[in-house]
Amino acid sequence: MFFALWPAPAIARRLHREGERAHATTGGRRMRRDTLHLTLAFIGDMPRERLEDLLACADKVDFAPFALVVDRIAAWRHNHIVWAGASVQPPELESLVSQLNAALADAGFPVERRKFSAHVTLLRNARGELPASDIDPPIEWSVRTFALIESDLAQDGAHYTVLKFWPAAGTTGH
């Protein structure tokens with residue numbers, strides 16, 4: 001289980017194309033377009049009886065809609081990941097993550113202690129060098145919801161099911 005920003009189809013297509021371009025240089029395993037997301041909080045395996053508690057945590061979050069400008073592509077050598085991200089994280093995103101982590105911690109769920117690093121994983125097991133570069137034109141992601149996602153690992157990779165979306169204040173959702 002994890003909470004994430006789930007891109008609209010047009011955003012997912014753009015991210016997928018960026019992954020395709022990077023793949024030509026680095027190789028590795030491309031993430032399927034239908035699995036691209038930006039993780040806000042990773043929960044991991046969780047007993048089903050705690051699902052209501054998890055939903056209640058997200059119900060406490062109050063966030064404003066915001067624009068996320070995905071304008072960078074880079075690689076982390078230590079784990080062979082190629083990712084796309086924003087050179088500037090909007091304060092609304094920081095607030096969303098902080099509120100979510102506070103509610104999760106209060107309910108006894110594990111929370112990440114490292115500084116939040118907003119990114120979308122495009123490739124795993126990348127082998128070649130990929131210097132950080134700009135995405136031109138940048139991907140303008142209008143964030144109006146966040147979601148709780150359930151992951152099912154299969155032989156052909158992870159399959160994700162959106163369990164619920166939460167809309168930003170003053171919006172009607174996805």
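Modeller: Gladly, and please keep in mind that this is a predicted model. Let us begin with a pair of strands: in S7, arginine 72 has aspartate 134 as its bridge partner.

Biologist: Which residue of S5 does arginine 72 stand opposite?
Modeller: Arginine 72 already has a partner in S7, aspartate 134. Looking towards S5 instead, the residue opposite arginine 72 is glycine 85.

Biologist: How many bridges join S4 to S7?
Modeller: The pairing of arginine 72 with aspartate 134 in S7 gave us one place to look. S4 and S7 run antiparallel, and the number of bridges joining them is seven.

Biologist: How many bridges join S4 to S5?
Modeller: These two strands form a hairpin with four residues between them, and histidine 80 in the turn has a positive phi of about 60°. In S5, alanine 74 has tryptophan 83 as its bridge partner, while alanine 75 is bridged to valine 82. S4 and S5 run antiparallel, and the bridges joining them number five.

Biologist: Which residue in S6 stands opposite valine 82?
Modeller: S5 is also joined to strand S6 (residues 119-124), in antiparallel fashion, by four bridges. Valine 82 is the bridge partner of alanine 75. Over in S6, the residue opposite valine 82 is leucine 123.

Biologist: Which strands are the edge strands of the open sheet?
Modeller: The sheet has five strands with antiparallel pairing, in the order S2-S6-S5-S4-S7. An edge strand pairs on one side only, and that holds for strand S2 (29-30) and strand S7 (133-143).

Biologist: How many of the five residues of S5 are buried?
Modeller: Ile81, Trp83 and Gly85 point one way from this strand, and Val82 and Ala84 point the other way. Residues on both sides are buried. S5 is therefore largely enclosed by the rest of the structure, and the count of buried residues is five of the five.

Biologist: Is threonine 26 buried or exposed?
Modeller: Threonine 26 lies in helix H1 (residues 9-26). Setting aside residues up to four places away in sequence, threonine 26 touches Val82, Leu123, Ala126, Arg127, Gly128, Glu129 and Leu130. Its relative accessible area is 3%, and buried means under 20%, so threonine 26 is buried.

Biologist: How far apart are the end C-alpha atoms of helix H3?
Modeller: Helix H3 has 16 residues, 91-106. At 1.5 Å a residue, such a helix should span 22 Å. The model agrees, with the end C-alpha atoms apart by 22 Å.

Biologist: Within what arc do the buried residues of H3 fall?
Modeller: The buried residues are Leu93, Leu96, Val97, Leu100, Asn101, Ala103 and Leu104. Seen down the axis of H3, they line one face of the helix, because they fall within an arc of 165°.

Biologist: Which exposed residues are on the face of H3 turned away from its buried side?
Modeller: The buried residues of H3 are covered by elements including strand S1 (2-5), strand S3 (38-42), helix H2 (51-59), strand S4 (66-76) and strand S8 (145-154). On the face turned away from that buried side, the exposed residues are Pro91 and Asp106.

Biologist: How many residues does H3 give to the largest nonpolar core?
Modeller: This core has 50 residues, and those with the most contacts inside it are Phe3, Leu5, Leu40 and Phe146. H3 gives the most to this core, and its share is six residues.

Biologist: How far apart in space are glutamate 150 and alanine 75?
Modeller: Glutamate 150 is found in strand S8 and is partly exposed, with a relative accessible area of 26%. Leaving aside neighbours within four places in sequence, glutamate 150 is in contact with Met1, Arg48, His159, Tyr160, Thr161 and Leu163. Glutamate 150 and alanine 75 are 75 residues apart in sequence, and their C-alpha to C-alpha distance is 26 Å.

Biologist: Where in the protein is confidence lowest?
Modeller: The protein averages a pLDDT of 93, and 99% of the residues score at least 70. Confidence is highest in S1, at 98. It is lowest, at a mean of 91, in strand S9 (residues 157-167).

Key:
Residues numbered from 1 in each chain as written. Predicted model: local features only at pLDDT ≥ 70, side-chain atom pairs only at ≥ 80, totals over all residues. Heavy atoms only, no water. Expected span 1.5 Å × (residues − 1). Buried < 20%, exposed > 50% of the residue type's maximum accessible area, 1.4 Å probe, protein only. Arc of directions from axis to C-beta. Contact = heavy atoms within 4.5 Å. pLDDT = per-residue confidence, 0-100. Core = buried A, V, L, I, M, F, W, Y, C linked by side-chain atoms within 4.5 Å. Pairing = 2+ DSSP bridges.
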